[in-house]
Amino acid sequence: MLLKQLVSALLLLLAFICPINLTALEIDSETQLVQQQSMPECRFGVPPWQKTRKFNQIRKDYAPFLNWLTEQLDCQFVLITAKTYHDLEMQLEKGVLHVAEMGAISYVTVEKHLPEVKPIVTALQWSKDKLILADSYYGHILTLKDNYEINSLADLKGKPFGFVRKESSSGFRYPNVLLQDAGIDYRDYFSRFFFLGSHPSVTDAIKAGSITAGATWEYNWQKAKEKHGDIFKSIARTEPIPHVLLVAHPSLPEKMYKKMQEILPNIDAKLLENIPASGFVVRPKTFYDPARKVAAIKETFNW
């Protein structure tokens with residue numbers, strides 16, 4: 001009899017305790033949901049050199065990095081993909097984006113219309129020999145190694161050629177200056193020329209033989225080597241080009257801007273494995289003076 005009474009009392013006690021615990025869990029979940037909903041949003045834009053990948057893949061690639069930023073800054077980072085370089089520039093200029101990943105030419109282009117825009121950090125990439133993390137890179141004119149007769153720009157006369165986009169630093173702007181310095185007007189020097197829209201499209205087209213050579217950058221050359229094998233060679237390269245940078249719209253709070261400059265140089269490189277950065281460094285605005293000069297150059301040849 002005593003045992004039955006003890007069991008009954010225990011069951012009665014559990015009947016009161018369990019609902020309280022469940023309610024507590026529900027309240028806690030609701031509190032977390034409210035906290036997530038009340039967390040300010042930070043829109044992070046990426047350029048169209050990701051064009052060959054679907055949005056879900058891009059989001060997956062950037063997720064470790066952006067999730068880390070969200071945790072560090074108590075601001076929900078949301079990925080925005082731009083359709084064109086100009087679209088990215090306009091989104092940043094108009095304040096649609098708080099932070100944008102962009103090339104040096106895009107940054108100085110926005111700066112002309114929005115002087116308050118500021119560089120946060122410059123991306124670092126391993127040099128081609130894998131010995132140092134560098135803050136700048138070279139654009140290259142690539143062709144296939146087994147094109148033994150193609151070894152210089154002069155050898156490309158009358159051959160089909162590929163660029164990325166007219167807004168692309170290493171995919172057109174810097175290579176076009178390189179061509180101009182050699183006295184080459186790309187419009188009538190090549191048998192045909194194409195703007196293929198993305199860096200991987202250029203190296204894919206070289207591999208396929210639809211173009212003899214094309215303009216791209218070191219990061220894509222490395223990725224193309226992983227994809228196609230060590231089949232490419234460079235026959236010309238540009239002046240050093242600053243690596244991509246993160247740029248802040250003036251609406252980004254100063255406290256957050258400074259925090260990003262503080263924490264990003266110390267980020268775990270594993271969080272950057274699938275994006276075009278192996279680290280970050282803070283560089284002043286003057287670091288981009290050479291890019292400003294390139295952006296200011298008017299083409300000798302009209303488009």
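Predicted model: local features only at pLDDT ≥ 70, side-chain atom pairs only at ≥ 80, totals over all residues.
Residues are numbered from 1 along each chain as its sequence is written, and side-chain values use heavy atoms, with hydrogens and water left out.

**View 1. The whole protein and its confidence.** The protein has 10 helices and 14 strands; these are DSSP runs, H or I of at least four residues for helices and E of at least two for strands, numbered from the N terminus. Of its 303 residues, 46% count as buried, where buried means under 20% relative accessible area, exposed over 50%, and partly exposed in between (1.4 Å probe, protein chains only). Take the contacts with a separation of 6 or more: residues 24 or more positions apart account for 78% of them. A contact here means heavy atoms within 4.5 Å. The mean pLDDT is 86, and 83% of the residues reach 70 or more; pLDDT is the predictor's confidence in each residue, from 0 to 100. Over residues 10-36 the pLDDT is below 50, and this stretch has one contact in the model beyond near neighbours in sequence. Residues 299-303 also stay under 50, but for them the model has 14 contacts beyond four places in sequence.

**View 2. Helix 2 against helix 9.** Here the two axes come within 11 Å and cross at roughly 120 degrees. Axes are lines fitted to C-alpha atoms, for helices over the stretch in contact, and angles run from 0 to 180 degrees between N-to-C directions. That angle makes helix 2 oblique to helix 9; angles under 35 degrees count as roughly parallel, over 145 as roughly antiparallel, 65 to 115 as roughly perpendicular and the rest as oblique. Helix 2 brings W68, L69, Q72 and L73 to the contact, and helix 9 brings M256, K259, M260 and I263. By class, that gives six nonpolar, one polar and one charged residues. For the classes, Ala, Val, Leu, Ile, Met, Phe, Trp, Tyr, Cys and Pro count as nonpolar, Asp, Glu, Lys and Arg as charged, and the others, Gly among them, as polar.

**View 3. What helix 9 buries.** Helix 9 covers residues 254-263, and its buried residues are M256, Y257, M260, Q261 and I263. What do they pack against? Their partners are helix 2, strand 3 (99-102), strand 4 (118-126) and strand 13 (245-248).

**View 4. L69 and D74.** L69 lies in helix 2, residues 55-73, and is buried, with a relative accessible area of 0%. Leaving out residues up to four places away in sequence, L69 touches D74, F77, M260, I263 and L264. C42 is 27 residues from L69 in sequence and 9.9 Å away in space, C-alpha to C-alpha. D74 sits in the loop between helix 2 and strand 2 (76-81) and counts as exposed at 53% relative accessibility. Most residues other than glycine have a negative phi. D74 is not a glycine, yet has a positive phi of about 50 degrees.

**View 5. Helix 5 against helix 10.** The axes of helix 5 (residues 169-181) and helix 10 (residues 289-296) come within 10 Å and cross at roughly 75 degrees. That makes helix 5 roughly perpendicular to helix 10. R173, Y174 and V177 of helix 5 meet P290, A291, V294 and A295 of helix 10. The tally for this contact is six nonpolar, no polar and one charged.

**View 6. Helix 7 against helix 8.** Helix 7 (residues 199-208) and helix 8 (residues 218-228) have axes that come within 10 Å and cross at roughly 50 degrees, so the pair is oblique. This crossing is right-handed. Helix 7 contributes H199, P200, T203, D204 and K207, and helix 8 contributes N220, A224, K227 and H228. Those residues divide into two nonpolar, four polar and three charged. S201 is found in helix 7 too, and counts as partly exposed at 21% relative accessibility. T216 is 15 residues from S201 along the chain, and their C-alpha atoms are separated by 9.8 Å.

How values were computed
Left-handed = near helix turned anticlockwise from the far one by under 90°.
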